[in-house]
Amino acid sequence: METCEAGSSATIALWRQFKTSAHSFLKLHSSFILSSSGRSVQISSHPCSGIFSFGYFTISPLWLANTLNQLGLLSLSYSISQALAVDIAALLERLCSSPVPPGFPHNPAYRIIPMATYAQASTQTEAHLSPISSVDSSLATTTPPDCIFGDLMKITTTGAAKETAAQDNYTISGVQASHKMAEVDLERMNQYKTIIMKVARAKKMDPAVIAGIISRETRAGSCGSGLVGGWGDKGNAFGLMQVDKRYHCPAGDWDSEEHMIQATDILITFIKTIQEKFPDWSKEDHLKGGIAAYNAGPGNVCSHEGMDSKTTGKDYANDVVARAQWFKRNGY
């Protein structure tokens with residue numbers, strides 16, 4: 001019997017995809033066991049190891065178990081000597097009948113574990129994952145840093161233009177193309193995730209916005225983006241976020257924390273300029289306008305409707321926002 005679900009159609013669709021993803025993951029495992037000792041967590045996963053991706057969701061046993069715990073579908077208790085074996089069949093039955101939970105998917109309880117938080121200590125069939133930084137074992141997810149520049153997920157976007165999508169030989173365009181390009185970049189992006197999260201927290205910027213810019217500018221450091229020794233745009237722009245040497249003195253190595261700090265500071269300066277230029281705009285419009293200014297300069301952001309009229313491809317801000325929203329849903 002189909003459960004009556006409350007929420008927007010987009011939220012309901014995402015929740016159903018989550019349930020399908022979780023269902024697929026659980027069916028691969030006859031059981032999985034979690035054990036905890038103080039603040040150190042070990043996970044044993046059978047018969048497959050590591051991390052699994054299904055649709056929008058990247059799932060590890062720890063994240064899934066804690067998410068289900070938040071939904072009230074699985075009771076977890078942590079103690080120094082206790083371990084819990086999960087009854088998969090009973091869990092699947094409860095999961096399938098569960099309605100959309102309050103706050104899904106933006107409540108921190110449902111956010112995805114940053115892959116960079118964990119170091120895989122074994123590549124055997126039995127995988128052991130342990131935190132490399134201090135992590136409270138009662139939390140399944142790492143809450144992204146607070147962003148003071150608006151809610152990324154409230155920004156409307158038309159996504160990538162046909163010309164931008166054609167660079168990847170896509171016949172699609174718009175938000176769908178932006179999401180696809182972000183998905184292609186995810187594995188490379190995760191190499192820099194620790195730095196992205198650290199810089200975002202220090203600057204109170206949404207880490208997904210930083211990831212969106214990196215994806216658009218250099219495809220997360222892809223050789224196919226035209227980078228040579230960290231330089232792009234005919235030798236004028238430097239690093240993952242392409243700091244323009246004609247206006248700034250590039251700092252740090254091309255993929256360093258120092259570079260990312262500088263580029264994020266430049267973005268924040270442009271956001272503040274747009275705030276002053278258009279005081280009646282919302283925080284979200286200021287953020288989107290700042291992203292456009294990061295590419296074209298604040299003087300070329302002339303109106304809300306024409307925010308991208310003078311950016312590269314006439315889609316820079318819309319494409320970056322769409323990519324960033326995808327990264328937001330995928331652990332950033």
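Here's a quick tour of a few spots in this structure, from its nonpolar cores to some loop residues.

Keep in mind that this is a predicted model. The largest nonpolar core has 47 residues, and α8 (257-277) is its biggest contributor, giving eight of them.

**The cores**
- In the largest nonpolar core, the residues that touch the most other members are Met 205, Ile 210, Ile 214, Met 260, Ile 291, Tyr 294 and Phe 327.
- Two or more residues of this core come from each of α5, α6, α7, α8, α9 (283-296) and α10.

**Helix α5**
- This helix has 16 residues and spans 21 Å from its first C-alpha to its last, close to the 22 Å expected at 1.5 Å a residue.
- Its buried residues are Gly 174, Ala 177, Ser 178, His 179, Met 181, Ala 182, Asp 185, Leu 186 and Met 189.
- Those buried residues pack against α4 (162-166), α6, α7 and α10 (316-329).

**Two loop residues with positive phi**
- Lys 204 isn't a glycine, yet its phi is positive, near 55 degrees.
- You'll find Lys 204 in the loop between α6 (193-203) and α7 (207-218), and it is partly exposed, with a relative accessible area of 43%.
- Ala 220 isn't a glycine either, and its phi is also positive, at about 60 degrees.
- Ala 220 sits in the loop between α7 and β8 (231-232), and it is buried, with a relative accessible area of 1%.

**Asn 236**
- This residue belongs to the loop between β8 and β9 (237-238).
- Is Asn 236 buried or exposed? Its relative accessibility is 18%, so it counts as buried, the cut-off being under 20%.
- Apart from neighbours within four places in sequence, Asn 236 is in contact with Trp 231, Val 243, Asp 244, Lys 245 and Arg 246.

Definitions and conventions: Residues numbered from 1 in each chain as written. Predicted model: local features only at pLDDT ≥ 70, side-chain atom pairs only at ≥ 80, totals over all residues. Heavy atoms only, no water. Helix = DSSP H or I, 4+ residues; strand = E, 2+ residues; numbered from the N terminus. Buried < 20%, exposed > 50% of the residue type's maximum accessible area, 1.4 Å probe, protein only. Expected span 1.5 Å × (residues − 1). Contact = heavy atoms within 4.5 Å. Core = buried A, V, L, I, M, F, W, Y, C linked by side-chain atoms within 4.5 Å.
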